Amino acid sequence: VQLQAFGGGLVQAGGSLRLSCAASVQIFVAYIMGWFRQAPGKEREFVGRISRRGGTTDYADSAKGRFNISRDNAKNTVYLQMNGLKPEDTAVYFCAAGSRVSRKDDEYDYWGQGTLVTVSS
């Protein structure tokens with residue numbers, strides 16, 4: 001399984017970005033997809049996840065009400081829509097695929113390379 005995340009960039013506080021993660025896998029629907037982020041000098045942290053068919057999502061408190069995860073299984077792609085961005089959202093964002101319902105990064109099996117999001121104040 002190969003994952004490629006893209007869509008990061010520089011945005012002003014209050015703005016929006018949509019990240020995408022494309023998966024090279026035969027059975028994308030077999031995987032729970034997660035988004036994580038790592039800010040400079042900090043540990044990687046959970047942002048949110050989406051169930052195999054997209055019916056269930058789970059978000060970190062920092063993302064609730066501002067971020068939305070969706071997926072298009074026909075396109076093997078998962079999305080992270082980020083609204084109301086804050087400077088503290090600045091981080092490298094990673095997508096991950098796994099088979100367990102989890103917020104723990106070590107329970108995801110496959111990772112994308114990350115895409116940088118910078119939010120200016």
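User: Which residue in S3 stands opposite Ala 5?

Analyst: That would be Cys 21. Bear in mind that we're looking at a predicted model.

User: What makes S1 and S3 a pair?

Analyst: The cut-off is at least two bridges between the strands. S1 and strand S3 (residues 17–24) have five bridges, running antiparallel, so they count as paired under that cut-off of at least two.

User: Where do these strands sit in the sheet order?

Analyst: The order is S1-S3-S8-S7, an open sheet of four strands with antiparallel pairing. Strand S1 (2–6) and strand S7 (67–72) are the edge strands.

User: Why are S1 and S7 called edge strands?

Analyst: Each of them pairs on one side only.

User: What makes the link of Cys 21 and Cys 95 right-handed?

Analyst: The angle about the S-S bond, which is 65 degrees.

User: Which parts does the pair tie together?

Analyst: Cys 21 lies in strand S3 and Cys 95 in strand S9 (residues 91–98), so the tied parts are 74 residues apart in sequence.

User: Why is Cys 21 called buried?

Analyst: Buried means under 20% relative accessible area. Cys 21 comes out at 0%, so buried it is. Cys 95 also has 0% relative accessibility, so Cys 95 counts as buried too.

Key. Residues numbered from 1 in each chain as written. Predicted model: local features only at pLDDT ≥ 70, side-chain atom pairs only at ≥ 80, totals over all residues. Heavy atoms only, no water. Helix = DSSP H or I, 4+ residues; strand = E, 2+ residues; numbered from the N terminus. Disulfide = S-S within 2.5 Å. Buried < 20%, exposed > 50% of the residue type's maximum accessible area, 1.4 Å probe, protein only.
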